[in-house]
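Welcome! Please take a moment to look over the sequence and the 3D view before reading on.

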Amino acid sequence: MTEQAVWQDARRYLAMLHKRRAVVVTCFVLCLAFAVLYNYTTRPVYQATTQILIDRDTPDVLPNKELVELVQGGMDYYQTQYQLLKGRTLAERAVERLQLQTNPELATGPMLNPWERVRAFFGHPPSAVIGTNGLRLSPAAAAFRSRIQVDPIPGSRLVNLHFRAYDPQVAADAVNMLAQLYIEQSLDLRFTTSTEATGWLSDRLKEQQAKVEEAEKALQAYREREGLVNQEERQGLVEQKLEMLNGAILDARTDRIAK
């Protein structure tokens, strides 16, 4: 391609841009306005991270440990734990422990993405957050949940917990509190499992003891009814009577000597 052909193509493109200059200027202005609006509504976000170990070992209370493991499920156990970490219960407990209801950052509701910030800028409030049971979440709890991210480490039982916030101190306190509450919840669950299993075993033991006592009473009644008393029991009765007679003789002698 010659130099003259290159200049001809360049002039043709310039002429095309000049012809559609209104469209080009409009697009440029819109992009610039969007960038300015995005920067104006964007705040720096800090992310705090902590790491926890999810251990599925169960208390070995029952004779067959598989009975307890059936309650915890199979491969979906870890998915259940991830959902608990992002669940409403832990979020509300964390908000209550840290007293985040009055925090200006969380009081506004969930953390907004860029599109939601643009809608909010033009007067459109974000959609309400509804819990799994259909109840409306408090703004602070909903804001807390929107900032949680659970990142499992492949091939291990370790999980990275992330919490995003505009205030770095809030992010650090929140992620540490979430990990602490999850550990407390796991300990409570294990304690409850052990208590329920122990209570179940105690009830079964009482039932068996009652059955044994009833069987012994029935056997003793049958022996007495049929006169089936063995020699050892008779010997014990004779020895008991002899001890009673000896004691009476000693009392009589003591009484005679005293008189």
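This is a predicted model: local features need pLDDT of at least 70, side-chain atom pairs count only at pLDDT 80 or more; totals for chains, interfaces and linings use all residues.

A search through the whole structure turns up two aromatic pairs.

**Aromatic pairs**

- A pair of aromatic rings is described by the distance of the centres and the angle of the planes.
- Y77 and Y78 form an edge-to-face pair, because their ring planes stand at 75°, with the centres 5.4 Å apart.
- Within this pair, Y77 counts as buried at 8% relative accessibility, whereas Y78 is partly exposed with a relative accessible area of 22%.
- The rings of F144 and F163 have centres 4.7 Å apart and planes at 45°, so this pair is tilted.
- F144 belongs to helix α7 (residues 139-146) and F163 to strand β3 (residues 158-165), so their pairing ties together parts that are 19 residues apart in sequence.
- Both F144 and F163 are buried.

**Buried sides of helices**

- An α-helix has 3.6 residues a turn, so residues three or four places apart point the same way.
- Helix α4 (residues 77-85) has Y77, Q81, Y82 and L85 buried.
- These residues of α4 sit on the same side of the helix, because they cover an arc of only 140° around the axis.
- In helix α5 (residues 88-98), the buried residues are L90, A91, A94 and V95.
- The buried residues of α5 line one face of the helix, because they fall within an arc of 135° when seen down the axis.

**Just past α5**

Terms used:
Residues are numbered from 1 along each chain as its sequence is written. Side-chain values use heavy atoms; hydrogens and water are left out. Rings of Phe, Tyr and Trp (its six-membered ring) pair if their centres lie within 6.5 Å; planes under 30 degrees apart count as stacked, over 60 as edge-to-face and the rest as tilted. Buried means under 20% relative accessible area, exposed over 50%, partly exposed in between (1.4 Å probe, protein chains only). Helices (H or I, at least four residues) and strands (E, at least two) are DSSP runs, numbered from the N terminus. The arc is that of the directions from the helix axis to the C-beta atoms.
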